Amino acid sequence: MENINWSLAAPLIVLQLILIITALISLSRQEQTNGPKWAWALIILFITTIGPILYFVIGRKND
């Protein structure tokens, strides 16, 4: 097994977690989204990095 350079990986993991948490908080506060909320929650959780970005770009409904 290869050694993981944690000094490079740790900041990326922290940024990913912050992005996921921010997207989930935003999703819980939104009354309406483009599409069902449960689907956005799955996309945010299981499509790393791209999922939260997709939610912020096309998932939020701006009135």
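At what angle do H1 and helix H3 pack, and how far apart are their axes? In this predicted model, the angle between H1 and H3, the latter covering residues 50-59, is about 35 degrees, and their axes lie 9 Å apart. The crossing of H1 past H3 is left-handed. From the H1 side, Leu19, Ile20, Thr22, Ala23, Ser26 and Leu27 take part, and they meet Pro52, Ile53, Tyr55 and Phe56 of H3. Sorted by class, this contact of H1 with H3 holds 8 nonpolar residues, 2 polar ones and no charged ones.

Let's take a closer look at H1 itself. The buried residues of H1 are Ala9, Gln16, Ile20, Ala23, Ser26 and Leu27. These buried residues of H1 pack against H2 and H3.Two residues of H1 that meet H3 are worth a visit. Ser26 sits in helix H1, and with a relative accessible area of 13% it is buried, because that value falls under 20%. Beyond its neighbours within four places in sequence, Ser26 is in contact with Tyr55, Phe56 and Arg60. Thr22 also has its place in helix H1. Its relative accessibility is 40%, so Thr22 counts as partly exposed. In sequence Thr22 and Trp40 are 18 residues apart, and in space their C-alpha atoms are 13 Å apart.

How closely do the axes of H2 and H3 come, and at what angle do they cross? The axes of H2 and H3 come within 7 Å, with a crossing of roughly 140 degrees. H2 brings Trp40, Ile43 and Ile44 to this contact, while H3 brings Gly51, Pro52, Leu54, Tyr55, Ile58 and Gly59. By class, the contact of H2 with H3 is made of 7 nonpolar and 2 polar residues, with no charged ones.

Now to the nonpolar core. Which residues make up the largest nonpolar core? It consists of 6 residues: Ile20, Ala23, Leu27, Trp40, Ile44 and Tyr55. Two elements, helix H1 (6-29) and helix H2 (37-46), each give two or more residues to this core. H1 gives the most, with 3 residues. As background, nonpolar side chains tend to be buried together in soluble globular proteins.

Gln30 lies in the loop between H1 and H2. Is Gln30 buried or exposed? Its relative accessibility is 17%, so Gln30 counts as buried. Apart from neighbours within four places in sequence, Gln30 is in contact with Lys37, Tyr55, Arg60 and Lys61. In the loop between H2 and H3 you will find Thr49. Thr49 is not a glycine, yet it has a positive phi of about 60 degrees. With a relative accessibility of 36%, Thr49 counts as partly exposed.

Lys61 lies in the segment after H3, and at 32% relative accessibility it counts as partly exposed. Which residues does Lys61 touch, not counting those up to four places away in sequence? Lys61 touches Gln30, Gln32, Thr33 and Asn34. For Lys61 and Thr33, a separation of 28 residues in sequence goes with a C-alpha to C-alpha distance of 4.9 Å. Asn3 is found in the segment before H1. With a relative accessible area of 77%, Asn3 is exposed, because that value is over 50%. Asn3 and Thr33 are 30 residues apart in sequence, and their C-alpha atoms are 42 Å apart in space.

Methods
Residues are numbered from 1 along each chain as its sequence is written. This is a predicted model: local features need pLDDT of at least 70, side-chain atom pairs count only at pLDDT 80 or more; totals for chains, interfaces and linings use all residues. Side-chain values use heavy atoms; hydrogens and water are left out. A nonpolar core is a set of buried Ala, Val, Leu, Ile, Met, Phe, Trp, Tyr and Cys residues joined through side-chain atoms within 4.5 Å. Buried means under 20% relative accessible area, exposed over 50%, partly exposed in between (1.4 Å probe, protein chains only). Helices (H or I, at least four residues) and strands (E, at least two) are DSSP runs, numbered from the N terminus. Axes are lines fitted to C-alpha atoms, for helices over the stretch in contact, and angles run from 0 to 180 degrees between N-to-C directions. A crossing is left-handed if the near helix is turned anticlockwise from the far one by less than a right angle, and right-handed if clockwise. Contact means heavy atoms within 4.5 Å. Ala, Val, Leu, Ile, Met, Phe, Trp, Tyr, Cys and Pro count as nonpolar, Asp, Glu, Lys and Arg as charged, and the others, Gly among them, as polar.
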